[in-house]
Amino acid sequence: MDLQLQDKVAIVTGGSKGIGLGIVQALLAEGARVVNVNRSREDGERLERECADKGQVCRFIQADLTSTERCGEVLRAVLQEFGRVDILVNNAGVNDGVGVDDGPEAFLGSLQRNLLHYYAMVHYSAESLRANQGCIVNIGSKVCETGQGGTSGYAASKGAINGLTREWAVEFAPHHVRVNAVLPAETWTPLYERCLAAMPDPVAARREIEQLIPLGQRFTTVEEMAAMVVFLCSPRSAHTTGQIIYVDGGYTHLDRKCTAGNVSDFGAAQT
Ligand code: NAP
């Protein structure tokens, strides 16, 4: 299927690693021109060079997105170089463990790391998205539905991102700008691998998490996340807006009992 993304201009925040990198690579594979907005310089510059060698455009703009002023500068730079924005993927975020006992200032800091830049990037790209009938994909998290404990700022941010996805879908609908959200639960990334590597028994820790994932008892891959995002960016999903889509192997919504044993036996329990 041709996703009709050739030469579209797509901004991806946090595109140097993990899920963001997967999204960048999937957009490039469809012929889009990508702007990767990321904090650390090394990975972004390397990626830009590697893509240029293959004839792909993956412009790196270094920015710490916690500065909303910097978000404005990023958009000005994109518009100066490319003249348009067709796609905005808000992806950068961190489960920073700001809990009830950490206090209001720490809570605000977490909103700055996880929420404010989603709004700022939409604010600064809105005019161009309207002009081009573009689209927005917000990356959320299952935590806003399930809770996790000890992570108030992150949970609040991800809950707000679901709310804003619906709000923006309504506000932008008259301009044919679509807005959707994609929510991971347990996606395997290098960061995840490093976190588990720090545990006493990383293999056992991984198996324990995998047992909780109904479909296939395995982590979601970055490529599976990216495929959904790229489809939502494509005109092939032209009548899909305001949707909150869980790419999570059923982790968030399926009955807990189905992870306790054989899924095919599960129906027999009838409780
Ligand atoms: P990751 O591997 O840590 O990658 C995040 C990327 O975003 C990094 O390149 C990071 O840059 C960048 N970034 C973070 N904060 C930034 C900031 N303030 N300014 C600029 N760049 C920033 O994370 P991931 O697991 O792929 O997560 C991506 C999204 O998915 C996040 O919104 C996260 O909440 C969500 N999510 C992931 C999972 C999962 O299982 N992986 C589950 C639920 C939700 P640096 O390289 O400079 O650190």
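**Figure 1. Glutamate 50 and its salt-bridge partner arginine 46 in the predicted model**. Glutamate 50 is partly exposed, with a relative accessible area of 42%. Arginine 46, with which glutamate 50 forms a salt bridge, is likewise classed as partly exposed, at 36%. The closest N and O atoms of the pair are 4.0 Å apart. Both residues belong to helix 2 (residues 41-53), where a spacing of 4 residues separates them by about one helical turn. The contact is part of a network of salt bridges that links Lys17, Asp43, Arg46 and Glu50.

**Figure 2. Salt bridge between arginine 84 and aspartate 86**. The side chains of arginine 84 and aspartate 86 meet with an N to O distance of 2.7 Å. Aspartate 86 is buried, its relative accessible area being 4%, whereas arginine 84 counts as partly exposed at 29%. In the structure as a whole, the count of salt bridges comes to 14.

**Figure 3. Salt bridge between arginine 207 and glutamate 210**. The closest N and O atoms of arginine 207 and glutamate 210 lie 2.6 Å apart. The two residues are 3 residues apart in helix 8 (residues 202-210), a separation of about one helical turn. Glutamate 210 counts as buried at 7% relative accessibility, while arginine 207 is partly exposed at 40%.

**Figure 4. Strand 5 and its neighbouring strands**. Strand 5 (residues 135-139) is mostly covered, with 5 of its 5 residues buried. Cys135, Val137 and Ile139 point one way from the strand, and Ile136 and Asn138 point the other way. In a regular strand, side chains alternate between the two faces of the sheet. Strand 5 pairs in the parallel sense with strand 4 (residues 87-90) over 4 bridges and, also in the parallel sense, with strand 6 (residues 178-183) over 5 bridges. Isoleucine 136 of strand 5 stands opposite leucine 88 and opposite valine 179 in strand 6. Strand 4, helix 4 (residues 104-132) and strand 5 together make a right-handed β-α-β unit.

Figure 5. Among the buried residues are Ile19, Ile23, Val24, Leu27 and Leu28, together with Gly18, Gly20 and Gly22. At 1.5 Å a residue, helix 1 (residues 18-29) should span 16 Å, and the 17 Å between its end C-alpha atoms agrees with this expectation. Just after the helix, glycine 31 takes a positive phi of about 90°.

Methods
Residues are numbered from 1 along each chain as its sequence is written. This is a predicted model: local features need pLDDT of at least 70, side-chain atom pairs count only at pLDDT 80 or more; totals for chains, interfaces and linings use all residues. Side-chain values use heavy atoms; hydrogens and water are left out. The expected span of a helix is 1.5 Å times one less than its number of residues. Buried means under 20% relative accessible area, exposed over 50%, partly exposed in between (1.4 Å probe, protein chains only). Two strands pair if DSSP finds at least two bridges between them. A crossover is right-handed if, with the strands pointing away from the viewer, the path from the first strand over the helix to the second runs clockwise.
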